[in-house]
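The sequence and structure come first, and the explanation follows.

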Amino acid sequence: MPNSTVAKVARGAGLLFTGVFTGFLVAVLVLELSLRGFDRHVYTQVRQVELDSLDKLAVVTLLPALITTALLVAATFRQGGRTSWWMLTALTLLVGILALTLVINMPINADQLDWRVQAPPADWASVRDRWQIAHGVRTGAAVLAFGALIADATRTPDSPHQGTPAAPPHELPAAPEDSPLHQRTGR
């Protein structure tokens with residue numbers, strides 16, 4: 001499967017979903033960093049707007065990226081082939097992003113949905129900072145995972161079936177009989 005049509009489609013889908021997910025995380029990071037200059041009321045209102053649908057976008061991009069990458073790794077192992085370090089790195093990073101999201105970001109998201117815009121909790125800034133640090137880490141990991149998938153997709157396989165190898169010197173083809181080389185060497 002590593003070079004089959006199915007693998008190529010899975011690789012393309014993995015790149016697409018990982019790229020969209022990474023772009024989404026970068027955009028949210030820029031927005032979040034922009035919010036640092038605003039007060040607790042503005043931050044709370046914008047976070048609640050973010051939480052209205054952005055979590056859905058994260059799910060519909062991260063999960064397919066993770067699944068397609070895992071399927072490619074599993075298929076390569078199952079066929080006894082070597083999985084590239086790039087693909088394994090991307091898979092590890094995507095799993096780490098999912099774990100970080102489940103352990104830190106999602107519980108904070110759920111908590112922030114209950115915040116009142118006019119009266120955010122007293123510790124709103126420390127909660128914001130924890131969320132933003134975790135988000136910054138997962139954004140960096142997503143950029144690295146996307147880069148690893150690009151590197152994997154553009155690498156040249158080590159396969160001997162790529163092109164025609166040069167013939168060893170003792171098996172060089174003979175020169176045409178009417179060529180000067182053949183007349184000098186007899187080959």
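A residue counts as buried when its relative accessible area is under 20%. The model discussed here is predicted.

Two aromatic pairs occur in the structure. One of them joins F21 and F24, whose ring centres are 6.3 Å apart with 45° between the planes, a tilted arrangement. F21 and F24 are three residues apart in helix 1 (residues 5-35), so about one helical turn separates them. F24 has a relative accessible area of 12% and is therefore buried. F21 is buried because its relative accessibility is 2%.

The rings of Y43 and W124 also form a tilted pair, with centres 5.7 Å apart and planes at 40°. Because Y43 belongs to helix 2 and W124 to helix 4 (residues 124-154), this pair ties together parts that are 81 residues apart in sequence. Y43, at 0% relative accessibility, counts as buried, and so does W124, at 13%.

A charged side chain also meets an aromatic ring: R47 lies over the face of W131, at 4.1 Å from the ring centre.

The packing of helices remains. Two packed helices are described by the angle between their axes and the distance between the axes. For helix 2 (residues 40-78) and helix 3 (residues 85-112), the angle is about 155° and the axes are 10 Å apart. Angles over 145 degrees count as roughly antiparallel, so helix 2 is roughly antiparallel to helix 3. Their crossing is left-handed. The residues of this contact comprise 18 nonpolar, four polar and two charged.

Technical notes
Residues numbered from 1 in each chain as written. Predicted model: local features only at pLDDT ≥ 70, side-chain atom pairs only at ≥ 80, totals over all residues. Heavy atoms only, no water. Axes fitted to C-alpha atoms, helices over the stretch in contact; angles between N-to-C directions. Helix = DSSP H or I, 4+ residues; strand = E, 2+ residues; numbered from the N terminus. Parallel < 35°, antiparallel > 145°, perpendicular 65-115°, else oblique. Left-handed = near helix turned anticlockwise from the far one by under 90°. Nonpolar A, V, L, I, M, F, W, Y, C, P; charged D, E, K, R; others polar. Phe/Tyr/Trp six-rings, centres within 6.5 Å; stacked < 30°, edge-to-face > 60°. Buried < 20%, exposed > 50% of the residue type's maximum accessible area, 1.4 Å probe, protein only. Lys NZ or Arg CZ within 6 Å of the ring centre and 35° of its normal.
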